[in-house]
Amino acid sequence: MSPGATIRVAFRLARQEPTAYLTCLFGFVMFFSVPVLSGKAVKVILDSLASGASAPWGLLAVLVGLEAARWSLLVVVAVQWHGCWVGWHTVPRVNLLRSLVSDPGPATGRLPGAPGEAVSRFRDDVQDLSMVLDVVIDLSASVLAGAVALWVLLTIDAQVAVAVLVPVVIATVGCIWLGPRLRVWRRDAREATGRVTGFIGDVFGAVLAVQAGGAEPAVGRSFGQLNAARARVSLRDQVGSEVVRSLGYGTGEVAAGVALLVVASSFAGGELSVGDLGLFAAYASLIADLPKWVGRYLVYLRQADVSVDRLAALLPVPDRAGVTAATLTHLRHGPPALAVRHRTAAGDERLEELRVEGLTVTHPGSGRGIEDVDLVVRRGELVVVTGPVGAGKTTLVRAVLGLVGRDAGTIGWNGTAVDDPSTVLVPPRAAYLPQVPRLFSEPLAATVLMGVPGDDLDEMLWLTCMDEDLARMPDGVATVIGPKGLRLSGGQVQRAGAARALVRRPELLVVDDLSSALDADTEARVWDRVAARGFETALLVSHRPHVLERADRVVVLDGGRVVSATPG
Amino acid sequence: MAVPGADPPASRRAARLLAATLKPEARGLAGIIAVLVVAMVLRLALPVLLGRFADDALAGAGVDHLTRIAVAYTLAALACNGLDLVVVWRSAHVSWRAGNRLREQLAAHALRLEQAWHGRHSPGQLIERIDGDVEAMGRFFAGIAVHLVGNFILVLGMVVVAAIIDPITGLVLAVTAVAGTAVMIRLRMSAVAAREAEREINAQLYGDLEERLGGLEDIRANGGGEYAVHRLHGHSARWWQAARFASLRGDGAHAMAALVFGLGTAGTLVTGILLQQRGLITVGAVLTLYRYADMLRMPLERIAEQLKEFQKAMAGARRASTMLATEPAIADGPLDGSALAPGALAVDFEAVSFSYDGRTHALRDVDLHLAAGTHLGVVGRTGSGKTTLGRLLARFRDAGDGSVRIGGVDVRDLTVAALRSRVAVVTQDVELFRASVRDNLTLFGAREASDAELADLLDRMSLGGWFASLPDGLDTRLGGEHGLSAGEGQLLAFARALLADPAVVVLDEASSRLDPLTEERIGDATQALLAGRTALVIAHRLDTLARVDEIAVVDAGRIAEHGPRAELARRRHGRYARLVRAARLEDEPEEATA
């Protein structure tokens, strides 16, 4: 993508709050421009000294006043800028998360590797994009201040102006030449960082296996290798960026030297004053700020270009503009209370018949999956999918729910074809209990409800036999559970997940093997209670005999194909 | 009484950690500083040359003389900037080495901490602790030489040269530098607290995002999307507040210090003018002094930039040192593996009580003795304390009262590594890594095995067909497209345990995700895993326990019944016998084949 396109993507963020952005821009322009005035004042002071006139104390007072105003302004602008900075991060994050949780199609496949790596997109790549807006402010302020300074130099001595400009132009060219290389180095560094954060996330997501296996030293060695690889590419990236940055600082000093060389003859001839010398030195460093900002601008723009691509890849169809689409940020007052109402199914949402025909899913790479699977669930029926390990049972229910993409086949809801089940087979039509439900680090009630009102929370927890467990928890439903519900037992996690599905009052309950962490007795009680409460239409994966006995229909899968099914 | 916001031990601990991390780099840092000193001396010479140029020009020097000064100026400018780059390169190098060492130290320490601690710290939070915080510290390491030391040398040099021009101007510059620095230091601490609060909110934000992204399917299929977005909004709004507050404190400190320096510049000019009007110094010297006073600002702005990094680094170092100061609840005992005999080992629970929360007992007064090589089936309803038995045995927790012994040695007397090398635990939660199949089996090389051995192992675990379908064999990365079904994951976990060749095996509902057919198919492999070892097989499916020697029934944290399986099954009013009868009614097809 062209850098121009990237800047347009970034600027859509600034346009969310144009006043705030313009305030920052104006503030920093002022902050950068004051030294132009101060430099001029010092020139007058030095000249009057050289000519032996009386000391210009008034000008000195102005000098102090200018500085005081400059720094006071900075505090105000900096606070404002930090507000903008958070806003620039929030817009893409909200857009992407909202897309991941609600846009059509299977979402998990859009995420890169480990969740830790996905977080790096939301953290580092979003930051890269924000850096562009930041550097535009600095660049604009620097260009304006530099232009004024150059104009002043031109009025004094055109040769000096050119002499100052030459090193600045050379430095700028150097910065621009380095740009594309920096981009490659940057990408390598990012990838290495992603591997490190992904590794940390993975290892601590499976910390029990590491500890149980006594693998701490071996994990440490692998981590060390990843770190060393990252250090190599990051060092190259850092030094490259630093060259660009230091081209700024250094150029000012070199430019002043070149100016001295040029004026040596005019000075000897008495055409220039001591004050002019001070002015050259001061303005040379002002103008020489330019390559630094031009360089930074290009570096950040290129980094952002990579980042925007990576962010866009999180959307269903990679869409760079979608990353920064306008959205409310609710930063100042916080988000309004979540107004999710209970919606019981009405009209066509009421399930009469779910019909799956010819469903085929091939996992890329392994080539396994399911092939040509037919399935019918009618209102009031309990349909059980069973079969040996690796038969494709989980793939089947995930494909029906649209959590994994299908290669062929139709899914019909009351006879109407459902193109995208991932947005249709959701509450109140369907709810899902995966084999290993993910609970979140928050109070149990919150992780079960996920925003819906808690009127029948207690009842649903009773249905899933969580009542006795809750009685033993210190704060009941307000008990904060650890990451992924680690402080709950496997059975408790599953039953909390079941309550999460039930509390949405789905027409169709989809359950992937409730039995895996429950004893037969508890599971039977759960099903008794659930059936008695009127949740009677369900698609289950199970191989427990007592569940199979309850089934109105049993579908047996093996090797991804239906090998036997009760006719329906 | 502790003053809020001022926690000297934490700050001191953080400073000690920073010092300890940098200590091995002392030689490299010394070299960097040597180069830096040369660069700074050259930079100091520039204003002196400028003043000389002015004075000599006013005195009517020739073009050649002035040109020579100009050439010297230009060369010095080029050299000091070139050397600056060398310093940046070397200090970044040092910073990566030191930072990675700290990352590895933190990760190793976190791996030693117990389950309960990990229950409170999500992987997302740990990414922020181990990488995010250390990155902030690394940026600081990289900046120390260039910005802090370099600028200190520069400021000191300017004061010295100014004092040579005239002691009074040297004094004015010195006072300016000291006053400006004092203001910065005074305001710094309050800014650290605000910055820390901001980072903490960020850690929460990323931790929450990591969890939600990991649970995306649960969220989507249950319509929890709006809620997830709502939480992101909530965290972002809190970040907004914290960032603005931290900026007010941080940039406020920066501006206050800058004002002091601005006043210093004015003071230097006034002094210079007064001295020049009395004929004590030249106009060129005033120009030199003004350039110095002006240059004093640049180190300031760099130090301020570095100050932010310092604030972040200190906040990161505080959290890192706090984490390192968290003692693992599971401490190593004095005995190593040689205290245990080879082969199967006896397991004894003696008067063991345990509570997770200090209020309710998960286990109460448990006595359980297993001869070496015995296979014990543990049954009982969910939450009865079955899993806790295994956790105490492998020391994921320590018993409150009583003792747990393996081969006659109290598990707390052994090093954790020695104990866990002999006790294998396979739970219902299969934990796989997004790494190669080989790394998943050998746990990144913790166990040594040839490729042929691994292939053979997978074959014995009924994973031969799956293995054959992998494009890159043992090098195939798991996760993403080469996913395993839950049951296959369980088999992989079996293989992993078998590879460890343990003396005691705890299977905690390990086969619960397998269908009866598969379970039967790997029955032989399971027996191979258990043969010649002592085993605790925790299961709710009784047919899983068809081949164990003894049975223990756990109820509400107590052993309700324990004895040989056949004997218990015959007891008319026994609990196990009752369970078997109930299962037979329910699981008729299975019992018929068993």
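In chain B, strand 6 (residues 423–426) and strand 7 (residues 504–508) run parallel and are joined by four bridges. Strands pair if DSSP finds at least two bridges between them; strands (E, at least two residues) and helices (H or I, at least four) are DSSP runs numbered from the N terminus. This is a predicted model, in which local features need pLDDT of at least 70, side-chain atom pairs count only at pLDDT 80 or more, and totals for chains, interfaces and linings use all residues. Residues are numbered from 1 along each chain as its sequence is written, while chains are lettered from A and ligands numbered from 1 in the order in which they are written.

**Strand 6 of chain B**

- Ala424(B) has Val505(B), in strand 7 of chain B, as its bridge partner.
- Val423(B) and Val425(B) point one way from strand 6 of chain B, Ala424(B) and Val426(B) point the other way, and all are buried.
- A residue is buried if 20 or more other C-beta atoms lie within 10 Å of its own, exposed if 12 or fewer, and partly exposed in between, with C-beta atoms placed from the backbone.
- In a regular strand the side chains alternate between the two faces of the sheet.

**Sheet in chain A**

- Four strands of chain A form an open sheet in the order 2-1-4-5, with antiparallel pairing.
- Strand 2 (369–378) and strand 5 (416–417) of chain A are the edge strands, each pairing on one side only.
- Strand 4 (residues 408–413) of chain A runs antiparallel to strand 5 of chain A, and two bridges join them.
- Gly412(A) has Ala417(A), in strand 5 of chain A, as its bridge partner.
- Helix 11 (residues 393–400) of chain A packs on the sheet and touches strand 1 (353–362), strand 2 and strand 4 of chain A.
- The direction of helix 11 of chain A makes about 60 degrees with that of strand 2 of chain A; axes are lines fitted to C-alpha atoms, for helices over the stretch in contact, and angles run from 0 to 180 degrees between N-to-C directions.

**Contact between the chains**

- The contact takes 146 residues from chain B and 151 residues from chain A, where two residues are in contact if their C-beta atoms, placed from the backbone, lie within 7 Å.
- Helix 8 (residues 225–277) of chain B gives the largest share of the side of chain B that touches chain A, 30 residues.
- That side of chain B divides into 70 nonpolar, 43 polar and 33 charged residues.
- Ala, Val, Leu, Ile, Met, Phe, Trp, Tyr, Cys and Pro count as nonpolar, Asp, Glu, Lys and Arg as charged, and the others, Gly among them, as polar.

**Domains of chain B**

- Chain B is divided into domain 1 (17–325) and domain 2 (344–422 + 528–593), with bounds from an automatic or database domain assignment.
- The centres of these two domains, taken over C-alpha atoms, are separated by 59 Å.

**Single residues**

- Most residues other than glycine have a negative phi, and most peptide bonds are trans.
- Pro427(A) and Pro428(A) are joined by a cis peptide bond, with omega about 5 degrees.
- Pro428(A) is in the loop between helix 12 (421–424) and strand 6 (430–433) of chain A.
- Cys465(A), not a glycine, has a positive phi near 60 degrees and is buried, with 24 other C-beta atoms within 10 Å.
- Arg395(B), in the loop between helix 11 (386–393) and strand 4 (401–406) of chain B, has a positive phi of about 60 degrees.
- Arg395(B) counts as buried because 24 C-beta neighbours lie inside 10 Å.
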